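Good morning. Please have a look at the chain on the screen before I start talking about it.

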Amino acid sequence: MIEALLFIAAAAAFCIWLYNRLVHDRNQVRAAWSDIDVQLKRRHDLIPRLVSTVKAYADFERATLLAVTELREQSEQAPRLADKAALEDALEERLHRVNVVAEAYPDLKADENFRQLQTELADTENQLQYARRFYNGAGRIYNTRIQPFPHFLLARPLGFREAEFFEVDEAAERLAPSVKVS
């Protein structure tokens, strides 16, 4: 009689331990999928904002350089001294604004913004790749746990289903995210 009770207690303890282990693994898979989702959201939100910032500053630099160049050319071609003086005043004002911006933001340069964009793009893709690998690892552990005997005797009736692996469409994966700065 005591042996039967001990067997039932041991079987119950094993079932509880097994169930808790399956729940832990299932939650690990769900958390790993959430990590992928977070990285995908980061990619879709951050990258367009970074590109927009880089474009805006590159446009500012381009417009400033174009304005300064045009004023210089006009000054060189001005036939009258009064016209030349007015153009030189405008050129001096434009250069003063450029200097004020450069003094206020000495590290603000388009090439630095482009490097930062490249760094963020690479970082985002690396984090997404890590999240995918982590998810697939968690899914592999979970699937391995629910499939063998005696786990499947408890897993299937309690609704534990296999996790899908994160597989990437070959054609889509080979395409880099579209980043248009010009």
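I will go from the overall layout to the core, then to a few side-chain pairs, and end with confidence.

First, the ground rules. This is a predicted model, in which local features need pLDDT of at least 70 and side-chain atom pairs count only at pLDDT 80 or more, while totals for chains, interfaces and linings use all residues. Residues are numbered from 1 along each chain as its sequence is written, and side-chain values use heavy atoms, with hydrogens and water left out.

Now the layout. The chain has five helices and zero strands, so from the N terminus the order reads α-α-α-α-α. Helices here are DSSP runs of H or I with at least four residues, strands are runs of E with at least two, and both are numbered from the N terminus. Between α3 (110-146) and α4 (151-155) there is a loop, and Pro150 sits in it. The peptide bond from Phe149 to Pro150 is cis, with omega near 0 degrees.

Next, burial. A residue is buried under 20% relative accessible area, exposed over 50%, and partly exposed in between, using a 1.4 Å probe and protein chains only. By that rule, 26% of the 182 residues are buried. The chain exposes about 13,000 Å², and 59% of this comes from carbon and sulfur atoms. Those areas come from the Shrake-Rupley method with a 1.4 Å probe, and for residues only the protein chains shown count as cover.

How much of the contact count comes from residues 24 or more positions apart? Among contacts with a separation of 6 or more, they account for 79%. Contact means heavy atoms within 4.5 Å.

Thr124 is an example. This residue lies in helix α3 and has a relative accessible area of 0%, which means it counts as buried. Leaving out residues up to four places away in sequence, Thr124 touches Gln39, Arg42, Arg43, Leu46 and Ile47.

On to the nonpolar cores. A nonpolar core is a set of buried Ala, Val, Leu, Ile, Met, Phe, Trp, Tyr and Cys residues joined through side-chain atoms within 4.5 Å. The largest one has 16 residues, and Leu22, Val29, Tyr135, Tyr142, Ile146 and Phe160 touch the most other members. At least two residues of this core come from each of α1 (2-77), α3 and α4. A second, separate core has six residues, among them Leu50, Val54, Leu117 and Leu121.

Apart from neighbours within four places in sequence, Tyr142 is in contact with Leu22, Asp25, Arg26, Val29, Phe160, Arg161, Glu162 and Ala163.

Asp25 brings us to charge. How many salt bridges does the structure hold? There is one, between the side chains of Arg145 and Asp25, at 2.4 Å from N to O. The pair joins distant parts of the chain, with Arg145 in helix α3 and Asp25 in helix α1, 120 residues apart. The cut-off for a salt bridge is a side-chain nitrogen of Lys or Arg within 4 Å of a carboxyl oxygen of Asp or Glu. Asp25 is buried, at 6% relative accessible area.

Then the aromatic pairs. Rings of Phe, Tyr and Trp (its six-membered ring) pair if their centres lie within 6.5 Å; planes under 30 degrees apart are stacked, over 60 edge-to-face, and the rest tilted. The whole structure has five such pairs. Phe14 and Trp17 make a tilted one, 5.8 Å centre to centre with 35 degrees between the planes. Both lie in helix α1, three residues apart, about one turn of the helix. Phe14 is partly exposed at 35%, and Trp17 is partly exposed at 43%.

Finally, confidence. pLDDT is the predictor's confidence in each residue, from 0 to 100. The chain averages 79, and 80% of the residues score at least 70. Helix α5 (residues 170-174) is lowest, at a mean of 51, and α4 is highest, at 85. Where pLDDT is low, the predicted coordinates should not be read in detail.
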